[in-house]
Amino acid sequence: MVSLSGALAATWVPFVVIIILALLFSVVYIKYFMSKYDPSLSTTISGIISLTIALLTVCLVPIDVFLASFMKNSDGTFKEWANSSDTRDSVENTVSIGYYTLYALVTFCLFLLLPFMYFFYEEKDESNPTSCRSKFCTASKYTVVFLIIAGVLMLIGGLVPTKPQPIGNSTEWDNVKNLFMQMGTNGGEDALSFVISILSLIGMLALITYTAYGMSALPMSLIKGQSNAKSELEKVRQKQKDNKAHIQPFEVVIGVAFQLLTLLIFLSLLLTNIDKALHGKGYKLGYALPKRTLPNPIDIVLVFCQKVFPLDYILFTAVVMYLIFCSMSGVRNIGIWFFWLKMYKIRPRRTRPQGILMLCMILMFIILAINIVVYQLTPQYSMYGSQMFKAPHNTTVLNKTSIIYKLEHCSLDSSRDDCVITRMALLLNRFFYKMWFFGAAYYWATWVFLGFMVLGFLVAVIKKRKSAIDGEVDEDDFDESDEEMIHA
């Protein structure tokens, strides 16, 4: 019989493996795009740490789902070791600590580490070289602004009431003291949840901009292939083009597979949003969906595969990594802009350190938004996994009414004594109900995301094939040629 310690071991051991893989992926990705002419060790380390932490927030979801589902048998009853509510609370608290630790680290990276490193390196680029102490002071001065913003957001999140206010003869000062007491009793969870909700909302804007286009452009670029480049670099790249010609059919197959996956994700999100419109709780409750009614292909497959460990891990990771790769592709194709001003181009071995830091910041925002998209993409899986419970039903036979129990999938309508909701779902719903604005904003942002996917697909179809050196060499490179020759 599997005990509580066995259940935790079965999840945390794979999570250690995931940590190693996420770290390796971040190292390879950052090193691949970091400029070979202006490498920066501090920027590289900061980018690797930030990207790894962001990836782990998504990787924790299937472990959360596994632990919640592992507490129950296939007949809807709790396993012997999970019968006690104290035991279940212990597991849930462990997972919650993991989430809050990772999200606290994400907040640290976005409001302190990455801004500080960006401004520190900007000082290095000044024409008049300054001392390390001066650069540190200047970078700290600008970073304080981000810390003030973070402090204000956490204060707002901690003071938004979650419990009924005192009634009777209570004064305004009593109400204020009650808000601060609430902030202390929940250990700052509301404050952190509010900050993460704001960051995720910003991430949705980046998701709409980069990921939606990447999901349309990446498969189509593989299917179309690249046209022959006729430039001064043709002779140098001829061997590379000859090699690409032999693998072109393979790229087409991958492009078709990616296009089908994009269509599947689009269909699942569309059905979920329609389901929320028809059966959700409305905008005042963040369009919360108590129970999935319409068929959702990705959700159905994941719930079924969740019964066969670790098949759901593999499929879930594949979907998430595809979204991340599409986001990376979108950032690389579009570049990093500040309104109408293009700040940095993302190119292999040619991206400036400041561009790397901005790239990591954008990817962190996008990964936070992917957590929201995953919740909407797989509502049943991300909330309850494959959990079942015995639901009572009235039946009448020969004018005699009796109650029978049927197995049903867990939903928000089921009680806590019957089902265990994942900590991720609980974390997201904390502000879906506390502040309806977030749930409604995510819901409508998903519609915009779907619209941009369609628009991006039309652009990708109409757009001509890319040159083999498109995006690798442009007129800006000739302005930098003297500097690069010095470094060479």
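User: How many helices and strands does the protein have, and what share of its residues count as buried?

Analyst: The secondary structure of this predicted model comprises 15 helices and 6 strands. Among contacts between residues at least 6 apart in sequence, 78% join residues at least 24 apart. As for burial, the share of the 488 residues that count as buried is 47%.

User: With which residues is L110 in contact, once its neighbours within four places in sequence are left aside?

Analyst: With its neighbours within four places in sequence set aside, the residues in contact with L110 are P115, F146, L199, M361, M364, F365 and L368.

User: Is T43 buried or exposed, and what is its relative accessibility?

Analyst: T43 is part of helix α2, which covers residues 41–70. Leaving aside neighbours within four places in sequence, T43 is in contact with M34, M117, Y121, P353, I356 and L357. Because buried means under 20% relative accessible area, T43 counts as buried, its relative accessibility being 0%.

User: Is L41 buried or exposed, and what separation do the C-alpha atoms of L41 and P353 have?

Analyst: L41 also lies in helix α2. Since exposed means over 50% relative accessible area, L41, at 67% relative accessibility, counts as exposed. Although L41 and P353 are 312 residues apart along the chain, the separation of their C-alpha atoms is 9.4 Å.

User: Where does R349 lie, and what is its phi?

Analyst: Most residues other than glycine have a negative phi. R349 is not a glycine, yet its phi is positive, and R349 sits in the loop between β3 (341–344) and α10. R349 is also partly exposed, with a relative accessible area of 37%. The phi of R349 is about 65°.

User: Which cysteines form the disulfide, and what is the angle about the S-S bond?

Analyst: The structure holds 1 disulfide, formed by C410 and C419, whose sulfur atoms are 2.0 Å apart. C410 counts as buried at 0% relative accessibility, and C419 is buried with a relative accessible area of 3%. The link of C410 and C419 is left-handed, with an angle about the S-S bond of -80°.

User: What are the relative accessible area of C305 and the relative accessibility of C326?

Analyst: Buried means under 20% relative accessible area, so two values settle the matter. C305 is buried, with a relative accessible area of 7%. C326 likewise counts as buried, its relative accessibility being 0%.

User: What is the volume of the second largest pocket, and which element gives the largest share of its lining?

Analyst: The second largest pocket has a volume of about 790 Å³. The elements that give two or more residues to its lining are α3 (85–124), α4 (132–159), α6 (189–224), β2 (336–338) and α10. The largest share, 7 residues, comes from α6.

User: How do the lining residues of the second largest pocket divide into nonpolar, polar and charged, and which of them lie nearest its centre?

Analyst: The residues of this lining divide into 24 nonpolar, 1 polar and no charged. Of the 25 residues that line the second largest pocket, those nearest its centre are I202, M358, M361, I362 and F365.

User: How many cavities of 30 Å³ or more are there, and which residues line the second largest cavity?

Analyst: The count comes to 5 cavities of 30 Å³ or more, and about 70 Å³ of space lies in the second largest cavity. Its lining divides into 6 nonpolar, 2 polar and 1 charged, with α10 and α11 (379–384) each supplying at least two residues. The residues that line the second largest cavity are K276, Y287, A288, L289, Y375, Q376, P379, M383 and N429.

Note on methods:
Residues numbered from 1 in each chain as written. Predicted model: local features only at pLDDT ≥ 70, side-chain atom pairs only at ≥ 80, totals over all residues. Heavy atoms only, no water. Contact = heavy atoms within 4.5 Å. Helix = DSSP H or I, 4+ residues; strand = E, 2+ residues; numbered from the N terminus. Buried < 20%, exposed > 50% of the residue type's maximum accessible area, 1.4 Å probe, protein only. Disulfide = S-S within 2.5 Å. 1 Å grid on protein atoms, 1.4 Å probe; cavity = no way out; pocket = protein on both sides within 12 Å on 5 of 7 lines; lining within 4 Å. Points joined across faces, edges and corners; volume = space filled by probe spheres on them. Nonpolar A, V, L, I, M, F, W, Y, C, P; charged D, E, K, R; others polar.
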